[in-house]
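Please have the sequence and the model open while reading.

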Amino acid sequence: MPVENNTRDFDPEIVTDFRERMSYGSYLDLDTLLSAQHPVSSPEHHDELLFIIQHQTTELWLKLVLHELRAAAEYLRDDRLAPALKCIARVKHIQRTLTEQWSVLATLTPTEYSQFRDVLGHASGFQSYQYRAVEFALGNKNARMLSVFESDPDAHSLLAEVLAAPSIYDEFLRYLHRAGYDIPPDILSRDVTQAWVLQPALVHTFRGIYEQAGRDDGREHWAAYEACEELVDLEDNFQLWRFRHLKTVQRIIGMKHGTGGSSGAAFLQKALDLTFFPELFAVRTEIGVRE
């Protein structure tokens, strides 16, 4: 039966007095969070709030992605594969949310964006230090990027720290080495500040993991096999995010240059050629091929 007055009574136990108690809003610091949107267009353009919130929420998710990736790397250093994969699984769910968010920004039409784009000056997503930190954590290192953040000591310090640390792929390969898999010594001792490039010798190692895990007696290799596939998922999701970013930019500004000075969509197109774990994709060509 429908409720006559279409309202719901409070349960007697519900707390309503927060004069001396922590509330939902105070725990989340909502006063700070909800007052952090400062449109600069004058008069304020209706759609600038969408633009700001889209990028602010992305930065919040990137903060959590970086938090999880750094934890996963630490777990791998301690040979704790299961909790490392739990962190990666969480990152994969965040990636899906980040990718779907582009559909919200895509509701911004070229005409609407052009009416406030000029007020952004040189501000650009290219300057997202958290995004760069995530790329570094995954292995796409580029020391030149630190120059972009010389005016922001905290951002520069974080990026320098992640640049100097082994990527999650480095830690995974070291884990495999300790687990008895054949990882060449020069890979284990490589300069981790350099971007990862394809190592053909690793393809043979991964082929062995995949083929042995597929046998009836391959249970001892299943953990390594599962971890490989989790990393493949991670890269697939990242590439999908990059693609949606590219298509959203093309939809809104076409082939214009970016506000930060990049070539815009053309610059984003090049990012699709970058890879984090190339051997895990190269091995697919080798599996099932007779030597």
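Which helix gives the most residues to the lining of the largest cavity? The answer is α4, with four residues. The model is predicted: local features need pLDDT of at least 70, side-chain atom pairs count only at pLDDT 80 or more, and totals for chains, interfaces and linings use all residues. Residues are numbered from 1 along each chain as its sequence is written, and side-chain values use heavy atoms, with hydrogens and water left out.

**Cavities and a pocket**

Rolling a probe the size of a water molecule over the atoms shows where empty space is left. On a 1 Å grid over the protein atoms alone, a cavity is a set of points where a 1.4 Å probe fits but cannot get out, while a pocket is an open set with protein on both sides within 12 Å along at least five of seven lines; lining residues have an atom within 4 Å of a point. Grid points are joined across faces, edges and corners, and a volume is the space filled by probe spheres set on the points. Helices are DSSP runs (H or I, at least four residues), numbered from the N terminus.

The whole structure holds three cavities of 30 Å³ or more.

Of the 13 residues that line the largest cavity, L62, Q95, L98, V134 and F238 are the closest to its centre. The lining of the second largest pocket includes T32, L33, I53 and E59; α2 (30-33) and α3 (48-77) each supply at least two of its residues.

A residue is buried if its relative accessible area is under 20%, exposed if over 50%, and partly exposed in between (1.4 Å probe, protein chains only). Eight of the 11 residues of α8 (residues 168-178) are buried, so this helix is largely enclosed by the rest of the structure. Among them are Y169, F172 and L176. After α8 comes G180, with a positive phi near 105°.

Rings of Phe, Tyr and Trp (its six-membered ring) pair if their centres lie within 6.5 Å; planes under 30 degrees apart are stacked, over 60 edge-to-face, and the rest tilted. The count comes to 16 aromatic pairs. One of them joins Y169 and W196 edge-to-face, at 5.0 Å centre to centre and 75° between the planes. Because Y169 lies in α8 and W196 in the loop between α9 (185-188) and α10 (200-213), the pair ties together parts that are 27 residues apart in sequence. Both Y169 and W196 are buried, and they belong to one aromatic cluster that also includes W102 and F238.

**Helix α13**

In α13 (residues 278-286), the buried residues are P278, E279, L280 and V283. Contact means heavy atoms within 4.5 Å, and what covers these residues includes α8, α10 and α11. Just after α13, G288 takes a positive phi of about 90°.
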